[in-house]
Amino acid sequence: MHELKAAEALGFTFDGRALTARTGDTVAAALLANGVQACRQTPVSGAARGPYCMMGVCFECLVVIDGVGNRQGCLVPLRDGMRIETQTGRRHPDGAKS
Ligand code: FES
């Protein structure tokens, strides 16, 4: 994997694992760039799912960001220090975690 210059790197965690990505990446892009292919589990079968369309259509990229669930990772710009977690269970209209 390539090394990021300190000035362009953002630090974040995914399920407690410390990762880095580039300034300007979305959450979904940052996860994929770090080899994370699954970021949620379906409520029906529990199957692992991950970002697919990268443009806000498929909802396969749902994650919990800083304790707020149902966030579409492909539409959210990564910020330094974000705490991103796998989303499990069904979506909640109020954005609750699970
Ligand atoms: S990857 Fe399809 S909505 Fe985010």
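## Overall layout

From the N terminus on, the elements of the chain follow the order β-β-α-β-β-β-β-β. That makes one helix and seven strands, where helices (H or I, at least four residues) and strands (E, at least two) are DSSP runs numbered from the N terminus. This is a predicted model, in which local features need pLDDT of at least 70 and side-chain atom pairs count only at pLDDT 80 or more, while totals for chains, interfaces and linings use all residues. Residues are numbered from 1 along each chain as its sequence is written, and side-chain values use heavy atoms, with hydrogens and water left out.

The chain has 98 residues, of which 39% count as buried. Buried means under 20% relative accessible area, exposed means over 50%, and partly exposed lies in between (1.4 Å probe, protein chains only). The chain exposes about 5,600 Å², and carbon and sulfur atoms supply 52% of this area; accessible areas come from the Shrake-Rupley method with a 1.4 Å probe, and for residues only the protein chains shown count as cover. Among contacts (heavy atoms within 4.5 Å) with a separation of 6 or more, 40% are between residues 24 or more positions apart.

## Nonpolar core

In soluble globular proteins, nonpolar side chains tend to be buried together. A nonpolar core is here a set of buried Ala, Val, Leu, Ile, Met, Phe, Trp, Tyr and Cys residues joined through side-chain atoms within 4.5 Å. The largest such core has 16 residues, and Phe-12, Val-27, Leu-31, Leu-78, Met-82 and Ile-84 touch the most other members. At least two residues of this core come from each of β1 (9-14), β2, α1 and β5.

Ile-84 lies in strand β7 (residues 83-86) and is buried, with a relative accessible area of 0%. Leaving out residues up to four places away in sequence, Ile-84 touches Phe-12, Thr-13, Phe-14, Asp-15, Val-27, Leu-31, Val-63, Val-64, Ile-65 and Leu-78. Ile-84 and Asp-66 are 18 residues apart in sequence, with their C-alpha atoms 6.3 Å apart in space. Leu-78, with neighbours within four places in sequence set aside, is in contact with Leu-10, Phe-12, Ala-21, Asp-25, Thr-26, Val-27, Ala-30 and Ile-84.

Asp-25 lies in the loop between β2 (17-22) and α1 (27-33). Asp-25 is buried yet has no salt bridge; a salt bridge is a side-chain nitrogen of Lys or Arg within 4 Å of a carboxyl oxygen of Asp or Glu. The nearest side chain of opposite charge is Arg-22, 5.9 Å away. For charge, Lys and Arg count as positive and Asp and Glu as negative, while His and the chain ends are not counted. Not counting residues up to four places away in sequence, Asp-25 touches Ala-30, Pro-77 and Leu-78.

## Salt bridges

By this rule the count comes to five salt bridges. Arg-40, Arg-49 and Glu-60 are linked in a network. Glu-60 forms a salt bridge with Arg-40, with the closest N and O atoms 2.6 Å apart. This pair links distant parts of the chain, 20 residues apart: Glu-60 is in the loop between β4 and β5, and Arg-40 is in strand β3 (residues 40-41). Glu-60 is buried at a relative accessible area of 13%, and Arg-40 is buried at 14%.

Glu-60 also forms a salt bridge with Arg-49, where the closest N and O atoms are 2.7 Å apart. Arg-49 lies in strand β4 and Glu-60 in the loop between β4 and β5, so the pair ties together parts 11 residues apart in sequence. Arg-49 is partly exposed, at 34% relative accessibility. Another salt bridge joins the side chains of Asp-66 and Arg-79 (3.8 Å, N to O). Asp-66 is in the loop between β5 and β6 and Arg-79 in the loop between β6 and β7, so this pair ties together parts 13 residues apart in sequence. Asp-66 is partly exposed at 34%, and Arg-79 is partly exposed at 46%.

## Positive phi values

Most residues other than glycine have a negative phi. Phe-59 is not a glycine, yet has a positive phi of about 65 degrees. Phe-59 lies in the loop between β4 (48-49) and β5 (62-65) and is partly exposed, with a relative accessible area of 29%.

Asn-70 also has a positive phi, near 65 degrees. Asn-70 is placed in strand β6 (residues 68-72) and is buried, with a relative accessible area of 15%.
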